[in-house]
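Morning, everyone. I'd like to walk you through a structure today, so let me put it up on the screen.

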Amino acid sequence: MVEEDEENPYGDRWDYGYPFGASSEELMDENACPNCQGGNIKLILDGKGLDGEYLSVVMCSDCGFMFDPETKREIDSDELLGIKNEIEMRKLEEEQIMQEMRLAKNQDIETLKKEIEKNSRNKWARYFLSKEMIKKGLNPLKEAQAQLMKVIEIDDKLYAPYFQLGKLFYEMGCLTDAEKKFREALKRNPDSAIINEYLSRCLMRANPSEMQEIQNMQAEDVFRKLEIYLRSFIERKLREKYGNKWEGHVPRDHIAKWEDKKKRDKEINDEELPIFAYADFPHLREIIIKRDNWREVFEPYFKDKEVVDSKLKELESIRLIIAHHKRQLQEDEKMRIKLYYCDFQKRMKEYKQNQNPEELIEGEK
Ligand SMILES: [Zn+2]
């Protein structure tokens, strides 16, 4: 078991999203200036520091006060420069690792085997060797599995080998083993859409009569299901209403962010999900309450805009606790997840009647 989940340097190397799942707008909502109490706060710097921790600095447009939005501590210009440098260094380091990865990526099986002979700790060569084997269906798959285990032995901080192992087990129908591996992958990359998606597929296949099982399920898993359902519901409704122009009804910087993550999955996992699967959880709320969408699409389902807004905000803060293992969920939080799950299910029901969960996840081809 990994104890310090938040200190995984590899955790979301591949994910340029906000590591705490919070969007910058959200950070600013909660913040008044500690100096003048003004609410005109702008994000001026953010990114990951050398240990993978998320760093950000905001500034008050009214009085020019700069501070850390989490602790409200003042940051002077020297420190700002230091943080900027650290973020730059981290980016370079990430780029270097991506370089190493790309070097191993497009090699054939023979070349990769030679690389491993030369350096048995070449984790990327082992990783891509296993992927080539899986792709070619080379028997026994046991060897691919052994390579992935070896990668984990060399570097236990990478999520990718856990994810691949999970997929292997999933394809073979070993759902319990697959689930374990996906959970390990998720610990190392908590915001990954593709891992969450696979884990949910496992859970849904394992529990077809989900409504009865909800009470016995882990609240965290109920949350995961809710997120997947909500996301596919929103996508479906947008497409029904706007057809191919649906993207015009989602904030443009959201879509750019989703595309970035999609590209990254393609590069690392050779697999990508439909674009909407990459929507961050807070984006879903923003899309629902966006004026045109609310009026044209979502009002008939959710009825009261303020209620759905505040429920989703609550879920957003619970989600941060789950994804980053900040602490154990409290009983009332667990209960709320299950209640809200049932509530949202009821509201989306009309839509869900003609869908089964597998189809929901497959999405548009
Ligand atoms: Zn101020």
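So, where is the place of Lys303? Lys303 sits in the loop between helix H13 (291–302) and helix H14 (305–323). Before I go on, a word on what you're seeing: this is a predicted model, where local features need pLDDT of at least 70, side-chain atom pairs count only at pLDDT 80 or more, and totals for chains, interfaces and linings use all residues. Residues are numbered from 1 along each chain as its sequence is written. And when I say helix or strand, I mean DSSP runs, numbered from the N terminus: H or I with at least four residues for helices, E with at least two for strands.

Back to Lys303. Its phi is positive, about 60°, although Lys303 is not a glycine. Lys303 is also exposed, with 10 other C-beta atoms within 10 Å. The cut-offs there: buried is 20 or more other C-beta atoms within 10 Å of the residue's own, exposed is 12 or fewer, partly exposed is in between, and C-beta atoms are placed from the backbone.

Gln37 is another one to look at. Here phi is near 65°, a positive value in a residue other than glycine. You'll find Gln37 in the loop between helix H1 (24–29) and E1. Gln37 counts as exposed because it has 10 C-beta neighbours inside 10 Å.

E1 (residues 41–48) and E2 (residues 54–60) pair in the antiparallel sense over 7 bridges; pairing takes at least two DSSP bridges between the strands. Lys48 has Tyr54 in E2 as its bridge partner. E1 and E2 form a hairpin with 5 residues between them, and Gly52 in the turn has a positive phi of about 85°.

Now the helix packing. H2 (residues 77–105) and H4 (residues 123–136) pack at an angle of about 45°, with their axes 9 Å apart. That makes H2 oblique to H4, oblique being whatever is left once you take out under 35 degrees (roughly parallel), over 145 (roughly antiparallel) and 65 to 115 (roughly perpendicular). Who makes the contact? From H2 it's Glu100, Met101, Ala104 and Lys105, and from H4 it's Trp124, Ala125 and Phe128; contact means C-beta atoms, placed from the backbone, within 7 Å.

Last, the whole chain. There are 16 helices and 3 strands, and 33% of the 365 residues count as buried.

How values were computed. Axes are lines fitted to C-alpha atoms, for helices over the stretch in contact, and angles run from 0 to 180 degrees between N-to-C directions. Two residues are in contact if their C-beta atoms, placed from the backbone, lie within 7 Å.
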